[in-house]
Amino acid sequence: MTAEHWGDQDDHLSPHQTAVIVGTGLAGGNAAATLREEGWRGRIVMLGDEPGIPFGRPPLSKTYLRGEEGLGGWLVKPAEWYGDSGVELRTGVTVQGVDTKLKQIALRGGDTVAYHKLLLCTGGQNRRLDLPGADMPGVYHLRTLAESDAIRRAAQPGARAVIVGMGFIGSEVAASLRQLGLEVTAVLSGTAPLAAVVSNQVGEVMAGIHRGHGVQLVTEDQVAGFEGTRQLERVVTAKGARIECDLAVVGIGIEPAVEAFRGGQIALDNGILVDETCRTNAPDVYAAGDVANHLHPVFGRLRVEHYNNAEKQGRAAARAMLGDLRPYDDIHSFWSDQYEHKLEYVGFARAWDQIVIRGSLAHTQFLAFYLVKGVMKAALGLNRGGDPEVDADGELRACQRLIRARTALSEATLADDQVDLGSLAAVAGGSDPGR
Ligand SMILES: Cc1cc2nc3c(=O)[nH]c(=O)nc-3n(C[C@H](O)[C@H](O)[C@H](O)COP(=O)(O)OP(=O)(O)OC[C@H]3O[C@@H](n4cnc5c(N)ncnc54)[C@H](O)[C@@H]3O)c2cc1C
């Protein structure tokens with residue numbers, strides 16, 4: 001570490017400074033741990049409206065929802081760590097605003113909390129449908145532990161479920177409910193699950209997987225309303241389908257949770273705008289995780305909604321609060337588990353002009369490369385390529401290096417199973433994410 005990486009070292013060394021973290025999710029929890037472990041000597045206060053201690057949400061739609069594991073392995077830190085480390089965890093409190101001139105946070109109920117440095121990790125909240133019956137008992141959303149528990153209670157074997165939207169949450173819940181023995185129908189506006197993110201070609205593979213497991217897909221249609229006397233009895237679609245059911249799970253994406261900051265001094269645009277080092281426009285205010293719209297050195301401005309980013313960006317923002325102003329430039333990655341299939345994705349591609357496949361779509365074991373003018377922007381592995389977080393020699397880790405290198409690659413090279421992606425990355429000169 002060279003001197004220019006560090007700003008004012010005195011701040012975090014002073015025991016009289018207070019760091020406040022708003023949001024007790026994954027980003028907030030990792031930031032608190034990093035602050036304490038890497039040198040913040042003053043107070044650390046965490047404020048969050050959700051009960052419990054910071055944990056990872058992925059099992060809420062998968063193993064936990066199916067009753068296969070608890071959340072012990074998904075805690076950022078064990079419960080006693082917060083007290084032992086002098087981190088004041090205040091849950092059940094809602095932040096209503098921030099005065100960046102007074103350096104003060106307003107809580108619902110009238111209390112205020114002063115800060116020297118502030119990190120905003122408020123994540124996202126589920127989009128809701130403004131449709132008749134959308135709030136009736138039997139219609140569920142999924143973000144929190146309580147919501148996962150509620151779906152689990154309703155998910156009795158033999159019950160009939162409708163999934164609204166087949167993005168990642170919808171697809172994972174559809175898979176879990178089938179695994180629990182429910183009848184599942186999914187209504188989606190596109191032609192195939194996940195098509196907007198992974199392409200129609202790969203989406204069709206996912207459609208085949210879900211159909212093969214007995215999910216009825218109602219494609220290119222939309223839910224128009226939810227009907228029932230006291231409890232959900234059916235879902236009605238725009239094209240006139242009437243699907244009798246016992247429960248519905250709506251998974252139509254999230255919005256960044258910025259209500260508390262609207263009309264204030266912190267710049268917002270599809271989340272909280274931050275620079276390469278997670279700093280907002282306001283002095284000593286930072287943001288990380290699902291809520292942060294980050295100026296990424298490789299991809300430009302982007303806001304992502306993934307576990308690995310929330311974890312790493314939370315840590316990076318904490319380091320910035322400690323004065324380490326190296327850009328956060330992780331080549332993003334995320335995963336999704338559906339039935340026996342594992343999907344891993346690296347990079348970021350909002351659009352592409354070419355997709356190259358290596359492997360077999362028919363055998364659901366392949367890599368898909370998303371290119372713009374021959375340059376790889378993202379890569380997806382279905383049951384192939386390794387976990388880029390742990391598998392240093394895996395194909396997807398090599399893809400992260402290729403994405404960083406930004407060199408044009410030919411279709412023939414990428415599609416050829418004989419060409420080693422690691423060697424290709426070494427030639428292209430893309431550096432390893434280095435964990
Ligand atoms: C069911 C489910 C499964 C997922 N599976 C995967 C997966 O397999 N792979 C993957 O990569 N990603 C997955 N994700 C996404 C991943 O969980 C998120 O990217 C991650 O949780 C983001 O963390 P965060 O800390 O930014 O936000 P959050 O986890 O949303 O935490 C934000 C916290 O801030 C609190 N908050 C918001 N506003 C206020 C306020 N005004 N005052 C006080 N507190 C406030 C919220 O209540 C919340 O506790 C999944 C998400 C869900 C919901």
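In the predicted model, lysine 312 forms a salt bridge with glutamate 389, with the closest N and O atoms lying 2.9 Å apart. Because lysine 312 belongs to helix α8 (residues 307-321) and glutamate 389 to the loop between β26 (375-382) and α9 (395-405), the pair ties together parts that are 77 residues apart in sequence. Over the whole structure, a search finds 27 salt bridges.

The protein chain contains eleven helices and 26 strands. Its radius of gyration is 23 Å, close to the 22 Å that the globule rule gives for 435 residues, so the chain is as compact as a globular protein of that length. Taken along the principal axes, the box filled by the C-alpha atoms of the protein chain is roughly 60 × 60 × 40 Å.

The domain assignment divides the protein chain into domain 1 (3-125 + 255-321), domain 2 (139-252) and domain 3 (340-428). The contact between domain 2 and domain 3 takes twelve residues from domain 2 and 14 residues from domain 3, while the centres of these two domains, taken over C-alpha atoms, are separated by 30 Å.

The size of an interface is often given as the accessible area lost when the parts come together. Between domain 2 and domain 3 the buried area is about 960 Å², and carbon and sulfur atoms give 77% of this area. On the side of domain 2, Gln201, Val202 and Val205 supply 40% of the area buried against domain 3, which is more than any other three residues supply.

With regard to specific pairings, the count of salt bridges between domain 2 and domain 3 is zero, whereas two residue pairs in polar contact are found across the interface of these domains, both at pLDDT 80 or more. The elements that give two or more residues to the side of domain 2 touching domain 3 are α6 (195-198) and α7 (200-212), and of the elements on this side α7 gives the most, with five residues. When the residues are grouped by class, the side of domain 2 that touches domain 3 has nine nonpolar and three polar residues, and no charged residues.

Notes:
Residues are numbered from 1 along each chain as its sequence is written. This is a predicted model: local features need pLDDT of at least 70, side-chain atom pairs count only at pLDDT 80 or more; totals for chains, interfaces and linings use all residues. Side-chain values use heavy atoms; hydrogens and water are left out. Domain bounds come from an automatic or database domain assignment. Contact means heavy atoms within 4.5 Å. Buried area is the accessible area (1.4 Å probe) that two parts lose on being put together, summed over both. A salt bridge is a side-chain nitrogen of Lys or Arg within 4 Å of a carboxyl oxygen of Asp or Glu. A polar contact is a pair of N or O atoms within 3.5 Å; within protein, one must be able to donate a hydrogen and the other to accept it, and residues adjacent in sequence count only if both atoms are side-chain atoms. Helices (H or I, at least four residues) and strands (E, at least two) are DSSP runs, numbered from the N terminus. Ala, Val, Leu, Ile, Met, Phe, Trp, Tyr, Cys and Pro count as nonpolar, Asp, Glu, Lys and Arg as charged, and the others, Gly among them, as polar. The radius of gyration is taken over C-alpha atoms; the globule rule is 2.2 Å times the number of residues to the power 0.38.
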